[in-house]
Amino acid sequence: MEECLFCKIVAGQIPAEKVYEDSDVIAFLDINPRNPGHTLVIPKKHFSDLLEMDDEYAMKLFVAVKRIAKAIKDGIKADGISISQSNGRAAGQVVNHMHVHVIPRFFNEGPVGLESILPTKKIDQGSMKNISNILKEAISKVSEVSKPASEKKEMEFEF
Ligand SMILES: [Zn+2]
């Protein structure tokens with residue numbers, strides 16, 4: 001992945017303000033911080049998103065996310081921490097290398113959950129039941145995900 005911005009950061013070809021590094025993970029300050037201390041935690045190995053990661057690597061990454069979150073809370077004196085992670089362009093993913101945003105949050109900015117970016121939708125009980133059944137069926141088929149499923153069926157919901 002020679003053209004990948006984050007792979008270049010991992011390789012040290014592009015400078016970044018690194019705050020953490022171990023054998024599998026690095027964390028560095030986001031150059032477009034939502035708040036001071038906004039950090040990106042990424043796997044050193046290239047995965048395009050969470051769905052592509054193998055379970056073991058995903059665990060390592062999220063242990064690091066937890067550690068960074070605690071450090072931001074203590075070090076930046078954040079009142080709260082938002083964790084955000086997008087998969088795919090529809091979700092707003094811009095850099096095609098798995099990354100988790102760890103964002104310090106403060107009461108004085110107005111307590112707002114990141115989910116509130118998307119408006120809530122009214123979904124009737126029958127549709128909710130249907131969606132639940134689709135998900136339960138799909139979950140039963142997901143064991144360890146190490147490779148992206150190339151023949152994923154599109155699931156369409158009517159909202
Ligand atoms: Zn990459």
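**Notebook: strands and nonpolar core**

I counted three helices and five strands in the protein chain, taking helices (H or I, at least four residues) and strands (E, at least two) as DSSP runs numbered from the N terminus. The model is predicted: local features need pLDDT of at least 70 and side-chain atom pairs count only at pLDDT 80 or more, while totals for chains, interfaces and linings use all residues. Residues are numbered from 1 along each chain as its sequence is written.

I read the order along the sequence as α-β-β-β-α-β-β-α.

I then looked up the pairing of strand 5, where two strands pair if DSSP finds at least two bridges between them. Strand 5 (residues 100–105) is antiparallel to strand 3 (residues 39–43), with three bridges; here Val41 faces Val100. Strand 4 (residues 80–84) also runs antiparallel to strand 5, through five bridges, and Ile81 lies opposite Pro104.

Next I examined burial (20 or more other C-beta atoms within 10 Å of a residue's own, exposed if 12 or fewer, partly exposed in between; C-beta atoms placed from the backbone). Of the 159 residues in the protein chain, 18% are buried.

I noted 22 residues in the largest nonpolar core, a set of buried Ala, Val, Leu, Ile, Met, Phe, Trp, Tyr and Cys residues joined through C-beta atoms within 7 Å. Among those with the most contacts inside this core are Ala27, Val41 and Val102. Helix 2 provides its largest share, six residues.

Finally, I listed contacts (C-beta atoms, placed from the backbone, within 7 Å). Leaving out residues up to four places away in sequence, Ala27 touches Val19, Tyr20, Thr39, Leu40, Val41, Ala64 and Ile68.

Methods:
Two residues are in contact if their C-beta atoms, placed from the backbone, lie within 7 Å.
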